Amino acid sequence: MLGYLVRRFAQMLVTLFLFVTLVFFLVNAQPGDFTNFYAASRGITPEAKDTLERSFGLDEPLPKQYFLYIKSFLSGDFGVSFSLYPRSVMSVIGERLPRTLLLFVTATVTSFYLGFAAGKTIGWRRGEPIEYASTLGGVALYTAFTPWLGLMMIWLFAFKLDWLPIGKFLDPLVWRTATVSADHVLIRMILTAVAAST
């Protein structure tokens, strides 16, 4: 058992390393760099653009950029956010992690119970139409392109049917003066989790 866990952990580390490396080279394969974005959108001077390049390490050769990137990744220093400059990446992650974990845990628990209930139903009603419908539905959802399916569900349940809220996660203090009850928020959260878990 211990050998299996060690092998799985080693596989996870190798997969993570390959993923991080692939992301680095894909980002660098794009034409230009992020300083071009700032130069085009904010009209910064060439001197300021050079300063930005140096601060991001973009003036270094690609192999050195890669090794600095890996070193920073392993030390937990993710630098500053390109899109939310000059905020640090860790502050952005810290701000958005709680809502991501909330949705992930709720979706995981909901999908477990939905799968358990569907499995029980299929097991007790073998050969009936519900078995074929559940099997076809499960295969269709499993093989669907997840980003497209997510966007279509947002479009349907949030824009068209207005069942789910659209917008940023609100500060808990805002709910003290809200006109809706906690049950209303919980039901919306569960609907969102069901949509995310399918």
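This report walks through a predicted model of one protein chain, from its overall build to some of its side-chain pairs.

## Reading the model

Residues are numbered from 1 along each chain as its sequence is written. Because the model is predicted, local features need pLDDT of at least 70 and side-chain atom pairs count only at pLDDT 80 or more, while totals for chains, interfaces and linings use all residues; side-chain values use heavy atoms, leaving out hydrogens and water.

The score called pLDDT is the predictor's confidence in each residue, from 0 to 100. For the protein chain its mean is 77, and 80% of the residues reach 70 or more. Confidence is highest in helix α1, at 88, and lowest in helix α2 (residues 34–42), at a mean of 62. Where pLDDT is low, the predicted coordinates should not be read in detail.

## The overall build

What is the secondary structure of the protein chain? It comes to 8 helices and 0 strands, which gives the pattern α-α-α-α-α-α-α-α along the sequence. Helices (H or I, at least four residues) and strands (E, at least two) are DSSP runs, numbered from the N terminus.

Of the 198 residues in the protein chain, 13% count as buried. Here, buried means under 20% relative accessible area, exposed means over 50%, and partly exposed is in between (1.4 Å probe, protein chains only). The accessible surface of the chain is about 15,300 Å², and 71% of that belongs to carbon and sulfur atoms. These areas come from the Shrake-Rupley method with a 1.4 Å probe; for residues, only the protein chains shown count as cover.

Now for contacts, meaning heavy atoms within 4.5 Å. Among those between residues at least 6 apart in sequence, 54% join residues at least 24 apart.

Helix α3 covers residues 46–56, and its buried residues are Lys 49, Leu 52, Glu 53 and Phe 56. Why do they line one face of the helix? Seen down the axis of α3, the buried residues fall within an arc of 100 degrees, so they share one face. The arc is that of the directions from the helix axis to the C-beta atoms.

On the other side of α3, Glu 47, Arg 54 and Ser 55 are exposed. Just after the helix comes Gly 57, with a positive phi of about 75 degrees.

## Aromatic rings together

Rings of Phe, Tyr and Trp (its six-membered ring) pair if their centres lie within 6.5 Å; planes under 30 degrees apart count as stacked, over 60 as edge-to-face and the rest as tilted. By this rule the count is 8 aromatic pairs. One of them joins Phe 24 and Tyr 69 in a tilted arrangement, 5.0 Å centre to centre with 35 degrees between the planes. Phe 24 lies in helix α1 (residues 2–29) and Tyr 69 in helix α4 (residues 62–75), so the pair ties together parts that are 45 residues apart in sequence.

Phe 24 is buried, at 7% relative accessible area, whereas Tyr 69 is partly exposed, at 27%. Both belong to one aromatic cluster, along with Phe 25, Tyr 66 and Phe 67.

## Charged partners

Side chains of opposite charge can pair when their charged atoms come close. A salt bridge is a side-chain nitrogen of Lys or Arg within 4 Å of a carboxyl oxygen of Asp or Glu. How many salt bridges does a search of the whole structure find? The search finds 3.

Arg 87 and Glu 95 meet in one of these, at 2.9 Å from N to O. Glu 95 also meets Arg 96, at 3.9 Å, and Arg 87, Glu 95 and Arg 96 are linked in a network of salt bridges. Arg 87 is partly exposed at 32% relative accessibility, Glu 95 is partly exposed at 34%, and Arg 96 is partly exposed at 39%. Another salt bridge joins Glu 128 and Arg 125, at 3.7 Å from N to O.

Ala 107 sits in helix α5 (residues 89–124) and is buried, at 10% relative accessibility. Ala 107 and Ile 190 are 83 residues apart in sequence, but 7.8 Å apart in space, C-alpha to C-alpha.

Thr 121 also lies in helix α5 and counts as partly exposed, at 26%. Its C-alpha atom is 7.8 Å from that of Glu 131, 10 residues apart along the chain.
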